[in-house]
Amino acid sequence: MKGEIGFTYFFQGFLLFASAAVLTYACIVPQWVNTVDGGSFGVTGRCDDKGDFSTCSRYHELISDSQRAAAGTMFFGLFLLWLSFFISVSACFFCYTSVAVHRFVIVMGGIFVLLGILFFVGGLDNEEDVCPNAKKFDKGDCTFGHAFLLVIVFDVLVFVIGFLISRPTYHNEERALAKQGHPHHDGDPQHQNYRHTSNSVFIKDTDDKPNTPRVAFA
């Protein structure tokens with residue numbers, strides 16, 4: 001049981017880490033849109049040759065409102081995702097923290113990244129010099145690069161993580177026991193243990209007295 005629980009915590013944290021890491025990479029590299037002249041550009045810079053990172057450079061300034069909005073919202077979304085991950089690590093991968101709070105922060109991170117994507121494609125009309133026939137939300141004669149596709153895929157994964165994140169069943173059962181006045185005390189000789197069975201009946205452990213019948217409490 002403990003091994004399964006530990007794996008659940010670890011797997012949830014790993015998915016969140018992988019999503020935040022890939023999204024960070026995808027937001028930094030300038031391979032969002034491949035231009036007709038063999039170059040590429042993204043949220044933070046552009047490349048003269050899309051296959052050669054040595055030809056890439058950062059924007060010295062974001063010249064359009066859409067670029068500023070895309071960069072601002074996406075990096076704020078990334079901040080929320082990394083914040084949620086580090087909090088979850090410090091709290092045993094969600095086992096000691098509020099799932100509702102983590103769900104809210106993760107989903108909000110995904111929303112801000114999505115807003116950044118929309119701001120970016122909404123400003124493609126500013127790239128007509130390298131993407132003929134480009135319009136708002138239309139790449140024209142250009143093609144989307146691998147970084148843009150990674151952002152789409154892993155932002156969807158962020159929403160999946162946010163809505164599916166949960167604690168193992170045993171944790172919720174122990175909370176229910178505590179509310180009913182039956183706390184579970186493992187390893188404490190001064191308290192009697194109660195075990196939750198499949199039919200929701202609490203069985204009082206009397207193993208220390210083998211001749212004493214087990215007593216069921218409704």
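What share of the 218 residues of the protein count as buried? I looked it up: 39% do, where buried means under 20% relative accessible area with a 1.4 Å probe, protein chains only.

A note to myself on the source: this is a predicted model, where local features need pLDDT of at least 70, side-chain atom pairs count only at pLDDT 80 or more, and totals for chains, interfaces and linings use all residues. Residues are numbered from 1 along each chain as its sequence is written, and side-chain values use heavy atoms, leaving out hydrogens and water.

Next I checked the elements. I found 5 helices and 8 strands, taken as DSSP runs (H or I, at least four residues, for helices; E, at least two, for strands) numbered from the N terminus.

Then I turned to a helix pair. The axes of α2 (residues 65-90) and α3 (residues 99-122) come within 7 Å and cross at roughly 160 degrees; axes are lines fitted to C-alpha atoms over the stretch in contact, with angles from 0 to 180 degrees between N-to-C directions. The two helices are therefore roughly antiparallel, a label for angles over 145 degrees.

Last, I zoomed in on Thr73, which sits in helix α2. Is Thr73 buried or exposed? Thr73 is buried, at a relative accessible area of 13%. A polar atom of its side chain lies 3.3 Å from the backbone oxygen of Ala70, and one lies 3.3 Å from the backbone nitrogen of Gly116. Leaving aside neighbours within four places in sequence, I saw Thr73 in contact (heavy atoms within 4.5 Å) with Phe112, Val113, Leu115, Gly116 and Phe119.

Note on methods: Angles under 35 degrees count as roughly parallel, over 145 as roughly antiparallel, 65 to 115 as roughly perpendicular and the rest as oblique. Buried means under 20% relative accessible area, exposed over 50%, partly exposed in between (1.4 Å probe, protein chains only). A polar contact is a pair of N or O atoms within 3.5 Å; within protein, one must be able to donate a hydrogen and the other to accept it, and residues adjacent in sequence count only if both atoms are side-chain atoms.
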